[in-house]
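Let's take a walk through this model, going from a loop into the strands beside it. Keep the structure open and follow along.

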Amino acid sequence: MIPDVPPEITDATRTAKNVTVLTGAGMSAESGVPTFRDAQTGLWQRYDAAALATPDAWAADADLVWAWYQWRAELVRAAKPNAGHIALAGCDANVRIITQNVDDLHERAGSTNVEHLHGSLFAPRCSECGKPAEVDPVSEPTERIPPPSCTDCASPVRPGVVWFGESLPEAPWLAAIDAVESCDVLLVVGTSGVVYPAAGLPSVARGAGVNVIEINPVATELTDQVDFSWRTTAALGLPALIA
Ligand code: BV8
């Protein structure tokens with residue numbers, strides 16, 4: 001069922017030539033990838049994602065943290081881009097995507113202008129020398145898997161993501177600031193708006209006079225900071241908006 005696009009949104013986007021889209025975990029929910037704050041499933045039910053996504057968790061139990069990321073990578077490999085990812089890829093020339101997500105679903109849908117603020121499940125690197133590592137998929141992730149060793153310095157390979165307490169990579173962050181300040185409209189899709197500095201981007205856009213539209217089935221921390229909040233989902237709202 002394709003939702004009617006609210007007139008406030010069609011007015012704001014009709015003449016937009018240059019659109020920036022800030023996406024969060026809700027963007028991938030309709031691909032079957034659990035959102036960051038959803039209850040985790042199976043093996044991981046008793047773990048809090050935000051507690052595992054930290055340097056302290058890695059220092060305390062690298063085998064557990066490494067296994068969690070292999071489990072998530074397997075989930076994403078088995079997932080497919082949804083209609084929302086595909087709609088954004090269909091207008092790739094006019095769209096810059098700033099994602100908090102560590103999955104590769106935007107790229108697999110065909111989007112080419114994608115900045116990852118929080119890294120990627122598919123970019124493991126040496127925890128010491130930073131050398132990118134080739135890691136084979138784990139078909140049956142268990143609760144603990146020893147991380148592989150760097151082929152250069154033999155230190156443990158770590159997930160290529162930004163943990164809580166770690167700084168964001170500079171180039172994606174600077175690109176994100178430029179993208180939200182210099183667009184005609186910013187779409188904020190599928191984020192609860194609780195993780196900074198990413199959650200500060202909508203107010204940076206507003207400060208630059210950019211129209212900010214939220215797409216989320218529920219109200220969030222950002223809802224009172226946007227021009228219009230559309231209660232729909234990524235896979236329903238984006239195709240309707242871009243059609
Ligand atoms: C930083 C990668 C500077 C890992 C992630 C103390 C010390 C240090 C820092 C802090 C501190 N206290 C606070 C901070 C700042 C901290 C922070 O913001 N904490 C929060 C929790 C308060 N930030 C940081 O640490 C950042 N770095 O500040 O560096 C610094 C450095 C040192 C010292 C001081 C400062 C780094 C943050 C990056 C963390 N890494 N991911 C991994 O994935 O394992 S964040 C993680 O949360 C994911 O990337 C996720 O994308 C992101 C945000 O969550 P959401 O995407 O919003 O997902 P969520 O589940 O919350 O919401 C989903 C939404 O989708 C919901 O609204 C739902 O309604 C909606 N939805 C559901 N279905 C659909 C849908 N929408 C549309 N369609 C649907 N179908």
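N216 sits in the loop that runs between strand 7 and strand 8; helices (H or I, at least four residues) and strands (E, at least two) are DSSP runs, numbered from the N terminus. Before going on, a word on the ground rules: this is a predicted model, where local features need pLDDT of at least 70 and side-chain atom pairs count only at pLDDT 80 or more, while totals for chains, interfaces and linings use all residues. Residues are numbered from 1 along each chain as its sequence is written, and side-chain values use heavy atoms, with hydrogens and water left out.

Is N216 buried or exposed? N216 counts as buried, because its relative accessibility is 8% (buried means under 20% relative accessible area, exposed over 50%, partly exposed in between, with a 1.4 Å probe and protein chains only). Leaving aside residues up to four places away in sequence, N216 touches G190, T191, W230, R231 and T232, where contact means heavy atoms within 4.5 Å. The N216 side chain also reaches the backbone nitrogen of V218 at 3.0 Å. That is a polar contact, meaning a pair of N or O atoms within 3.5 Å; within protein, one must be able to donate a hydrogen and the other to accept it, and residues adjacent in sequence count only if both atoms are side-chain atoms. V218 is found in the loop between strand 7 and strand 8.

Now hop over to T232, in the loop between strand 8 (228-230) and helix 9 (234-242). T232 is buried because its relative accessible area is 8%. Again skipping residues up to four places away in sequence, T232 touches P3, I215, N216, P217 and G237.

Strand 6 and strand 7 (residues 211-215) pair in the parallel sense over five bridges; pairing here asks for at least two DSSP bridges between two strands. To get from strand 6 to strand 7, the chain crosses through helix 8 (residues 201-207), and this β-α-β crossover is right-handed: with the strands pointing away from the viewer, the path from the first strand over the helix to the second runs clockwise.

Strand 6 also pairs with strand 1 (residues 19-23), in the parallel sense over five bridges, and there T23 stands opposite V189. How covered is strand 6 (residues 185-189)? Mostly: five of its five residues are buried. V185, L187 and V189 point one way and L186 and V188 the other way.
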